[in-house]
Amino acid sequence: MNVADARILHLFANYKWTGPADPAIRAAARLRALGLDVTFAQGIVTHRGGEHRMAEELAHAGVPVVVGLELRKHFHLGALLRDVRALRRVIARDRCDLLHCHLPADHLIAALAVRGLPQPPAIVRSLYDPEPPPRGLRSRAAFRATFGAIAPTRAAAEGVIAGFGLPPGRVLLQPPVTEPRRLDGPDLRAAWGLDGRHRVVGITARIQPHRRFDLLWATARAVVDAVPHARFVLLGRGNERDVREHVTEPIARLGLQGHVVLPGYQKGAAYDAALRTLDAFLFLVPGSDGTCRAVCDAMAFGRPVVSTRAGILPELIASPRAGETPGHACDDTPAALAAALVRYLRDDALRARDGAAALRRARADMDPVAAARRTAALYQQALSARGEARR
């Protein structure tokens, strides 16, 4: 079967706008733009009063949805069995040829649903963490029914090959992607009360205890001591208690009130304008998105990145082109992070050079159209193997 004639269903077991949600929807939309018949299973379960952001974003992206599955994030035996039955009905009704899974829960649902079918759809799994999934009972069962995987790092790719027996030719190493950005649009420097003297460092992070805000403010204090016109912009939100304990109180304690801008969570055009305002980008630890798409977004605007060495970050900001440095992955100490930021804020030529390298990294290695074509090629492999198995 040719991939252009196949019916492909994406599964995502979470209604929340969690880390992998954005790249999953963008992947489906890009595949549709290539002409593939891609639909997306939209879970029907939300917590009371919860916003179904996935539904909103799928509609915005113009991706057709399939409803009827609960698609819970956490294991629940009753829901699992109901979803297996529901997915089998969808497969039969829509004559699905391939299931693309994005999270552990939907991966298990798909693997159980295809079991015993006379013409089972092929299964492909996207991974979003820098390390492979743990080899638990459920993950082993899911990967036994899986044709191939898409991994964001070499460690993740090698891990699913070694841990789950996938042939190397069926594991696609695909760095995170980011959409092309308009570089010459509006910024927010005036709106934030900043002028040409100021050097602006941005960080995108949900305000939560594990996101190392202690390290952020200690770093900011060291940078401001060296570069008094430095300003730090926190793009993110959190609950009232976390904002107080991890943002406003430490800022006051360290005397940073005049050096920190708190515009809150930004999206769409406002987020783009915020990133254009920055001179450099800082990122400390991955959150729910192991691929750290905020770093990719900053690089797409030509902003050099300073980060710790946590997770995917060192691999993400390393360039495959000799002599280019899109940023620096440092020890997770205020001294190391501040030293790297101060070099960028004091040296316009260095900042421009590494910013240009970041932009090249984003455009050449994180191109979403090229990623969609590679994914379509993996689909074609899976469909061809499925056709051979039926003969």
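In the predicted model, R138 lies over the face of F75, at 4.3 Å from the ring centre, and the charged end of R135 sits over the ring of F164, 6.0 Å from its centre. A charge is taken to sit over a ring if NZ of Lys or CZ of Arg is within 6 Å of the ring centre and within 35 degrees of the ring normal. The model is a predicted one, in which local features need pLDDT of at least 70 and side-chain atom pairs count only at pLDDT 80 or more, whereas totals for chains, interfaces and linings use all residues. Residues are numbered from 1 along each chain as its sequence is written, and side-chain values use heavy atoms, with hydrogens and water left out.

A search of the whole structure finds three aromatic pairs, where rings of Phe, Tyr and Trp (its six-membered ring) pair if their centres lie within 6.5 Å, and planes under 30 degrees apart count as stacked, over 60 as edge-to-face and the rest as tilted. One of these is the tilted pair of F213 and W217, with 6.5 Å centre to centre and 35 degrees between the planes; both residues lie in helix α7 (residues 213–226), four residues apart, about one turn of the helix. Helices (H or I, at least four residues) and strands (E, at least two) are DSSP runs, numbered from the N terminus. Both F213 and W217 are buried, a term for under 20% relative accessible area, with exposed meaning over 50% and partly exposed in between (1.4 Å probe, protein chains only). F281 and F283 form a stacked pair, 6.4 Å centre to centre with 20 degrees between the planes, and both of these residues are buried.

The structure holds 31 salt bridges, each defined as a side-chain nitrogen of Lys or Arg within 4 Å of a carboxyl oxygen of Asp or Glu. Among them is the bridge between D22 and R293, whose closest N and O atoms are 3.7 Å apart; because D22 lies in helix α1 (residues 21–33) and R293 in helix α10 (residues 293–300), this pair ties together parts that are 271 residues apart in sequence. D22 is buried, at 15% relative accessible area, while R293, at 22%, is partly exposed. D365 and R361 also form a salt bridge, with the closest N and O atoms 3.2 Å apart, and these residues are four apart in helix α13 (residues 348–365), about one helical turn. D365 counts as buried at 17% relative accessibility, as does R361 at 7%. Salt bridges that share partners join D22, R26, R30, E179, D289 and R293 into one network.
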